[in-house]
Amino acid sequence: MPKGTFCVSKRPIWHHVSGRFAAWRQPWPLPGATLPPRQAGPQAARGRPQAKAGFCFFNIRQPQIFVKLNYLCKMEKFADIKVIAFDADDTLWDCQSYFDDVEREYCRLLAPYAPADTVSASLFATEEANMPLLGYGCKAFVLSLIENAVRLSGGRVDGTVVGELLRLGKRLLELPATPLPGVEATLAALYEQGRYRLAVFTKGELLDQQNKLRRSRLEKYFQHVEIVSDKTERAFLNLCRRMRVAPGSVLMVGNSLKSDVAPALAAGARAVHIPFHVTWKLEQVEDFEHTHMVRIERFADLLAYV
Ligand SMILES: [Mg+2]
C-alpha cells in the first residue's frame with residue numbers, strides 16, 4: 001500500500017473507490033431504512049472472489065456509515081432546539097387545494113366573459129394588488145373574486161353570480177382542516193417527548209385560522225399559537241420574544257420557502273421545508289438550499305431530525 005493513504009486495507013484506496021462511486025452518489029437513506037443488497041462487482045464477473053469488507057476506514061461499500069455521518073450532520077444542524085414552530089395551511093392541513101377548486105369554479109362562472117387562463121391571470125393580478133390593504137385569507141380572496149368579476153365583465157356580472165361567489169367564499173371558511181398524513185402522530189410523539197415547546201406560527205385571518213385549528217383537533221399539542229397578518233423576519237423575532245427563546249433555538253417547519261423558511265433563516269433560526277403538492281402563485285419563489293435548513297418529503301420524517 002502506498003504511503004500517505006488512510007487505508008488499513010491490504011488493497012490501495014482507489015480499489016475501494018473505483019467502480020463504487022455510483023453507489024456512493026445514491027441518495028442517503030434515512031436512519032433505519034432498509035438498504036438494498038450489494039451488487040456483484042467487476043471482480044465477481046471475472047470469477048474472482050469479492051474482497052470482504054471489514055477493516056477499511058473508507059469502506060464505502062457500507063452506506064450505513066454515510067447514513068450515520070449524514071444523521072450526525074443533521075443532528076448538528078438542529079442542536080439546542082427548544083421550540084418547534086409549525087406553519088398551519090398546507091403544512092398541518094390541506095388548504096390550497098380548496099382555493100384551487102374555488103378558482104376552477106370561478107373560471108366556469110365567468111366563462112361568458114373571458115377564457116379561463118385570462119380569468120386566472122386577472123384574478124392573480126387583483127389579489128396581488130389588494131394584498132397590501134386586504135392581506136391574506138378567505139375574505140380578501142372573496143373581495144378579489146368579486147372585484148375581478150366586475151372588471152372582467154365590464155360591470156355586466158349579475159347579482160346571481162355575485163351571490164354564487166359569496167357562497168364559494170363561505171365554503172372556504174368551512175374547509176375541513178383534516179390533518180395531513182403523519183401530522184397528528186408526529187405532533188403526539190413530540191408532545192410526549194416533552195423536549196420541545198410546540199407552537200403554531202401562521203398568517204391569515206384571526207378567526208378563520210382559529211376555527212381551522214379547532215376543527216383540526218390539533219390544538220392540544222401546542223403551547224403557543226400566533227396568527228399574524230404576514231410572516232416576516234420581524235414577525236418571527238416577535239414570536240421568539242413572546243416565547244422567551246433565542247431565534248437560534250427555534251426550528252420553523254413549513255411548506256413555503258418564502259413565508260416559512262426564509263424569514264426564519266433571516267432571523268437566525270433553523271428550518272425544515274416540507275413542500276406541498278400545490279403552491280399558491282404568490283408563495284412561489286426560486287428553490288434554494290441553506291446550511292440551517294433541511295428538506296423532507298413527509299411530515300413524519302421530522303422525527304428523524306429532532
Ligand atoms: Mg403554509
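Leaving aside neighbours within four places in sequence, which residues is Ala269 in contact with? Select Ala269 and look around it. Its partners are Phe236, Pro247, Gly248, Val250, Leu251, Met252 and Ala264. Keep in mind that this is a predicted model.

**The whole chain**

Zoom out. Colour by secondary structure: the chain has 12 helices and 6 strands. It holds 306 residues, and buried ones make up 26% of them. Take the contacts between residues at least 6 apart in sequence: 68% of these join residues at least 24 apart.

**Strand β4**

Now select residues 250-254, which form strand β4. Is this strand enclosed or open? It is largely enclosed by the rest of the structure, because 5 of its 5 residues are buried. Check both faces. Val250, Met252 and Gly254 lie on one side, Leu251 and Val253 on the other, and all are buried.

**The strands that pair with β4**

β1 pairs with β4 in the parallel sense, over 4 bridges. Pick Ala85: its bridge partner in β4 is Met252.

Now show helix α12, residues 257-267. Together, β4, α12 and β5 make a right-handed β-α-β unit.

**The largest nonpolar core**

Which residues have the most contacts inside the largest nonpolar core? Select Ala85, Phe86, Met252, Val253, Ala264 and Ala269. The core has 35 residues. Elements giving two or more residues to it are β1, α9 (183-193), β2 (197-203), α11 (233-242), β4, α12 and β5. The largest share, 6 residues, comes from α12.

A second, separate core has 13 residues. To find it, select Tyr106, Val119, Ala149 and Leu165, which are among its members.

**Last stop: Ser153**

Go to the loop between α7 (138-152) and α8 (159-172), where Ser153 is found. How many C-beta neighbours does Ser153 have inside 10 Å? It has 15, so Ser153 counts as partly exposed; a buried residue would need 20 or more. Finally, draw a distance from the C-alpha atom of Ser153 to that of Ala114. The two atoms are separated by 8.0 Å, while the residues are 39 apart along the chain.

Terms used
Residues numbered from 1 in each chain as written. Predicted model: local features only at pLDDT ≥ 70, side-chain atom pairs only at ≥ 80, totals over all residues. Buried ≥ 20, exposed ≤ 12 C-beta atoms within 10 Å, placed from the backbone. Pairing = 2+ DSSP bridges. Right-handed = clockwise from strand over helix to strand, strands pointing away. Core = buried A, V, L, I, M, F, W, Y, C linked by C-beta atoms within 7 Å. Contact = placed C-beta atoms within 7 Å.
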